[in-house]
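Hi,

Here's the structure I said I'd pass on. Have a look at it first, and my notes follow below.

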Amino acid sequence: RGLVLGRLVKSQGRSAAGITVHMPPGGGMAVTDNEGIFQFLGVGAGGHTLMIKDPLYFTGNLHFKLDPNERRNLGNIRVYRQTRLDNRKTARRSGG
């Protein structure tokens with residue numbers, strides 16, 4: 001079984017602490033530490049989706065493949081804080 005880790009950073013390049021990261025269906029969840037680092041231990045080989053969820057930041061998914069016993073560092077993953085303007089733009093795009 002493998003290991004997946006990475007670091008969430010804010011748009012200014014600072015660490016994004018306290019953000020929840022999920023790896024469904026059976027990978028569980030992790031919360032980034034003070035350095036923005038998360039990790040999942042005992043991850044099986046195959047295709048996976050990393051889901052970033054936080055009410056203050058845009059959510060997103062990252063798809064990747066893991067080989068047997070691979071240690072995969074996903075590196076720095078940039079997250080962007082939502083603003084009222086961002087929410088209006090998103091709603092307008094969704095409406096067509």
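Before the first finding, one cut-off: a polar contact here is a pair of N or O atoms within 3.5 Å, and within protein one of them must be able to donate a hydrogen and the other to accept it. Keep in mind that this is a predicted model.

The His48 side chain reaches the backbone oxygen of Gly44 at 2.7 Å, so the pair falls within the 3.5 Å limit. His48 sits in strand β5, which covers residues 46–53. Is His48 buried or exposed? His48 has a relative accessible area of 16%, and it counts as buried because that is under 20%. Setting aside residues up to four places away in sequence, His48 touches Met23, Val43, Leu62, His63, Phe64 and Leu66.

Lys53 is in strand β5 too, but it is partly exposed, with a relative accessible area of 40%. Leaving out neighbours within four places in sequence, Lys53 is in contact with Ile19, Thr20, His22 and Thr59. For Ile19, the C-alpha atom is separated from that of Lys53 by 7.0 Å, with the two residues 34 apart along the chain.

Two backbone details in the loops are worth a look as well. The peptide bond from Pro24 to Pro25 is cis, with omega near 0 degrees; Pro25 lies in the loop between β2 (20–22) and β3 (29–31). Then there's Asn69, in the loop between β6 (60–66) and β7 (71–79). Asn69 isn't a glycine, yet its phi is positive, near 60 degrees. Asn69 is exposed, at 59% relative accessible area.

Cheers

Terms used. Residues are numbered from 1 along each chain as its sequence is written. This is a predicted model: local features need pLDDT of at least 70, side-chain atom pairs count only at pLDDT 80 or more; totals for chains, interfaces and linings use all residues. Side-chain values use heavy atoms; hydrogens and water are left out. Helices (H or I, at least four residues) and strands (E, at least two) are DSSP runs, numbered from the N terminus. Buried means under 20% relative accessible area, exposed over 50%, partly exposed in between (1.4 Å probe, protein chains only). Contact means heavy atoms within 4.5 Å.
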